[in-house]
Amino acid sequence: MSQRFTFSISATDGKARTGKIAMRRGEIRTPAFMPVGTAATVKAMKPETVRATGADIILGNTYHLMLRPGAERMAKLGGLHKFMNWERPILTDSGGYQVMSLSDLAKMSEDGVEFQSHLDGSRHMLTPERSMEIQRLLGSDIVMAFDECTKNGATKKEALASMERSMRWAKRSRDGFDSGEEHAARAALFGIQQGSLDKELRGTSAEALKEIGFDGYAIGGLAVGEGQEAMFDVLDYAPDQLPANKPRYLMGVGKPDDLVGAVERGVDMFDCVLPSRSGRNGQAFTTHGPINIRNAKFAEDLEPLDSSCACSVCQTYSRAYLHHLIRAKEILGAMLMTEHNIAFYQALMAGMRQAISKGEFADFAGSFRSKYLS
């Protein structure tokens with residue numbers, strides 16, 4: 001596949017859309033959920049198992065990879081795809097969120113963010129230009145602009161200053177990305193809308209991003225503690241502020257019902273650590289809501305995690321066995337629980353794609369909620 005990046009919408013149903021992103025490493029079916037491979041691995045899963053669940057793309061974390069094993073070392077080893085044996089598309093975040101979430105170790109300026117490594121205390125400076133360079137060295141397919149994630153609860157004045165800084169950094173990211181001509185010829189760059197919970201600020205941010213021009217647009221600054229109702233209030237208008245002919249990516253979201261509600265509002269792409277992190281901790285997502293497999297009631301339960309799930313875990317292992325593995329802290333427990341959760345998320349996305357194509361999304365969403373939230 002030779003194309004750098006194309007996005008096509010094959011069907012719409014209300015605001016919900018389904019289509020595909022075509023890149024040289026493969027197609028990404030939308031709506032898409034990206035499992036998070038923080039440190040060059042989706043924790044507790046082999047890359048081929050991740051792919052077998054239906055994932056078309058995964059996310060890599062710039063902050064963690066720049067610290068270990070290091071971007072320059074990664075480039076010497078052939079890039080992130082070869083390093084981790086994942087030859088399909090990879091989206092890398094910019095590193096900004098992780099840096100700024102460690103606020104006690106970070107110092108922000110107009111130039112960028114100076115921070116102390118959580119690994120060894122070494123000092124680093126991450127700027128829009130350095131973020132673009134790191135993502136180029138990693139060999140990222142979809143590169144994220146460097147931004148400041150506005151903190152939940154910020155005043156309008158604080159949110160305005162934060163958003164405006166992110167837009168200046170977006171322009172510097174665009175310039176830095178374009179300066180790496182060879183990488184820019186085969187990768188895509190997404191801008192990130194900010195503005196907290198304020199419609200006017202998000203509109204201003206969207207206009208600034210459109211003026212710069214990006215291959216796709218992310219909605220940032222949500223899922224940071226504001227709650228689902230407030231998030232959905234923003235999503236009632238934020239996707240519409242972004243170009244209709246470009247992918248819309250909601251960063252860091254989320255629970256299964258978050259995904260359905262966001263697709264309903266016009267979002268195309270998602271990522272979240274929840275399915276893998278929850279799996280390692282004994283929580284399974286099912287058609288009838290999440291369950292904690294640690295609970296004693298599952299000790300002699302021979303049913304699968306989810307009788308409606310076609311994944312290999314549900315076809316092979318009982319709740320009783322998974323209960324035992326998790327309680328015994330066996331590594332296999334984390335592996336199987338994570339595999340089921342990622343498969344559940346991918347099946348949910350496939351179900352939404354099919355429902356949109358058939359013009360039945362409202363029925364699908366209603367049926368999902370009646371079971372999952374009951």
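User: What makes the crossing of α6 and α7 right-handed?

Analyst: A crossing is right-handed if the near helix is turned clockwise from the far one by less than a right angle, and left-handed if anticlockwise. The crossing of α6 and α7 is right-handed. The model is predicted: local features need pLDDT of at least 70, side-chain atom pairs count only at pLDDT 80 or more, and totals for chains, interfaces and linings use all residues. Residues are numbered from 1 along each chain as its sequence is written, and side-chain values use heavy atoms, without hydrogens and water.

User: Why are α6 and α7 called oblique to each other?

Analyst: Helix α6 (residues 128–138) and helix α7 (residues 156–179) pack at an angle of about 40°, with axes 8 Å apart. Angles under 35 degrees count as roughly parallel, over 145 as roughly antiparallel, 65 to 115 as roughly perpendicular and the rest as oblique. α6 and α7 are therefore oblique.

User: Which residues of α6 and α7 meet?

Analyst: Pro128, Glu129 and Met132 in α6 meet Trp169, Arg172, Ser173, Gly176 and Phe177 in α7, where contact means heavy atoms within 4.5 Å. By class, this contact has four nonpolar, two polar and two charged residues. Ala, Val, Leu, Ile, Met, Phe, Trp, Tyr, Cys and Pro count as nonpolar, Asp, Glu, Lys and Arg as charged, and the others, Gly among them, as polar.

User: Which classes make up the lining of the second largest pocket?

Analyst: The lining divides into 10 nonpolar, seven polar and four charged residues. α16 gives the most to this lining, with six residues.

Notes:
Helices (H or I, at least four residues) and strands (E, at least two) are DSSP runs, numbered from the N terminus. Axes are lines fitted to C-alpha atoms, for helices over the stretch in contact, and angles run from 0 to 180 degrees between N-to-C directions.
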